[in-house]
Amino acid sequence: MSSKIQAVRGTQDMVGEDAARFDAVVETFTRVRRLYGFRPVQVPVFEFTGVFARSLGETTDVVSKEMYTFEDRGGESLTLRPEFTAGIARAYISNGWQQHAPMKLSAWGPAFRYERPQKGRFRQFHQLDAEILGSGEPAADVEIIAFAQHLLDELGLQGKTVLNLNTLGDPETRAAWQAALIAHFSAHRDALSAESRDRLEKNPLRILDSKDAADKALVADAPRIDAYMSGEAGAWFDAVRKGLDAAGVAYQRNEALVRGLDYYRHTTFEFITDHLGAQGTVLGGGRYDGLMEALGGPPTPCVGWAAGIERLAMLLDAPEAETIDAAVVPMGEAAEARAFEVLQALRRAGLSAEQAWRGNMKKRMQKADAAGARYAVIIGDDELAAGEVTVKRLATGEQWRVALDALPEALR
RNA sequence: GCGACCGUAGCUCAAUCGGUUAGAGCGCCGGUUUGUGGUACCGGAGGUUGCGGGUUCGAUCCCCGUCGGUCGCCCCA
């Protein structure tokens, strides 16, 4: 295939069912986000590299080896977004959106990471994104999680995902807990896996969700955050849990669900599935109260989530194939000359309609059937002479004549 | 970035131990039917076996490389 033109590794072309699944996810997202008052936001697909480097942290895998970074002709280092949050936060700061706070924003589109492709993991992938900027209330966490749950329900994924919920506490809580974890794992350093010894330096919280058997044994009796929780942090988490209960959102406490970056505070959550192999997370998010400041902006409490469109699309039941209301089948030159008049009348009346551009009647009837048309609108010399068309209901085969100007009504 | 498996028509797959013209179903095109689709029957097109190299009298099959896919690790959506 090397001599043939081919798509870049980890990118995909979608038509038919794949495209329909993708479309169904986006359409449902747009519908549900309106129910919650999340407004659309558009931000660039690329930013100055520093936006992502500063927001994600230089040591993160995403920044150190997964970004698509390039220089433009002016010598600026630019990066294709590996996620949405940093760009939205940058826009908030650049445009002074604090005057609008709190803002409930949503977006969807492509993101890029240079990773080894797998099922549910691509180099260009697509995300749904929701953010609440400038609200330091537990109620915002409840609302954004309820939105996520509602979206998954509307997608028909009840039973296929489980909401995992945890808290990282406030900065004091987090710092105390992290120090205790480092002390605990350092004491058993030799028993840790090589990866986790590495994490001990760079990202100690991450040891908690290691898949290594030896690590798991040490994690089992590692210090729990609940023992270090400050009064305020505990009250916050209680408020979130009570809110979720009131909203009817079921969750599972997962004390190992953590985020490595310091600016994450309090609530963290992921909707996890066991239907996608190693890629279990279908939607993940949390509160990132420290991010805006890390980017040089005003202190701004925020909470948000992102979901993988491809991952959701893979979990969906196959959407119904798209159909049309009518296929116009003209016979002969005179009829072909009138076909667009009929087509446009139907479309203007809100009925979907198309015609095959060539072929005899049989061919065009076959195309009508293949397009899933409810009706065939047959126009021949006889019909034209009478100012009528023949309408055939393809499901039953019955057909009848209809006056040309009464056609749209007849097909409703 | 690390490890493993896989790659044959548009799609899903077959082809004995390495053996001569690489097959089938679906799909596509045409016909049976010059104003009637979806069913049925008949016919047809479509392949440098991902690509490059090696071993062999002979390679879809064995070896190496490469590109792509898949699974796990890592990370994450």
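## Helix 6

In this predicted model, helix 6 comprises the 17 residues 171-187, which at 1.5 Å a residue should span 24 Å; the end C-alpha atoms of the helix are 24 Å apart, in agreement with that expectation. Its buried residues are Thr173, Arg174, Trp177, Ala180, Leu181, His184 and Phe185. Viewed along the axis of helix 6, these buried residues fall within an arc of 135°, so they line one face of the helix. An α-helix has 3.6 residues a turn, so residues three or four places apart point the same way.

The face turned away from the buried side of helix 6 carries the exposed residues Glu172 and Ala187. The cover over the buried residues of helix 6 includes helix 7 (194-202), helix 8 (213-220) and helix 9 (231-247).

Eight strands form an open sheet: 8 strands in the order 1-5-6-11-10-9-7-8, with mixed pairing. Strand 1 and strand 8 (252-253) stand at the edges with a single partner strand each, so one side of each lacks a neighbour in the sheet.

Within this sheet, strand 5 and strand 6 are paired in the antiparallel sense over 10 bridges. Phe112 has Gln124 in strand 6 as its bridge partner. Helix 1 packs on the sheet, where it touches strand 1, strand 5, strand 6 and strand 11, and its direction makes about 165° with that of strand 5.

## Strand 11 and its partners

With strand 6 (residues 124-133), strand 11 pairs over 7 bridges in the antiparallel sense, and Leu133 stands opposite Cys302 of strand 11.

With strand 10 (residues 281-287), strand 11 pairs in the antiparallel sense over 5 bridges. Here Leu283 has Ala307 in strand 11 as its bridge partner.

## Helix 1

Helix 1 (residues 16-35) has 20 residues and reaches 29 Å from its first C-alpha to its last, close to the 28 Å expected at 1.5 Å a residue. The buried residues of helix 1 are Arg21, Phe22, Val25, Val26, Thr28, Phe29, Val32 and Arg33. Seen down the axis of helix 1, they lie within an arc of 160°, so the buried residues line one face of the helix. On the other side of helix 1, the exposed residues are Gly16, Arg34 and Leu35.

The packing partners of the buried residues of helix 1 are strand 1 (39-40), strand 5 (103-112), strand 6, helix 5 (138-154), strand 11 and helix 11 (309-315). Gly37 follows helix 1 and has a positive phi, near 75°.

## Leu80 in strand 4

Which strand holds Leu80? This residue is found in strand 4 (residues 77-80). Leu80 has a relative accessible area of 19%; because buried means under 20%, this value places the residue in the buried class.

Apart from its neighbours within four places in sequence, Leu80 is in contact with Val45, Phe46, Phe52, Tyr68, Phe70 and Phe112. Leu80 and Ala111 are 31 residues apart in sequence, and their C-alpha atoms are 7.1 Å apart in space.

Definitions and conventions:
Residues are numbered from 1 along each chain as its sequence is written. Chains are lettered from A and ligands numbered from 1 in the order in which they are written. This is a predicted model: local features need pLDDT of at least 70, side-chain atom pairs count only at pLDDT 80 or more; totals for chains, interfaces and linings use all residues. Side-chain values use heavy atoms; hydrogens and water are left out. Two strands pair if DSSP finds at least two bridges between them. Helices (H or I, at least four residues) and strands (E, at least two) are DSSP runs, numbered from the N terminus. The expected span of a helix is 1.5 Å times one less than its number of residues. Buried means under 20% relative accessible area, exposed over 50%, partly exposed in between (1.4 Å probe, protein chains only). The arc is that of the directions from the helix axis to the C-beta atoms. Contact means heavy atoms within 4.5 Å. Axes are lines fitted to C-alpha atoms, for helices over the stretch in contact, and angles run from 0 to 180 degrees between N-to-C directions.
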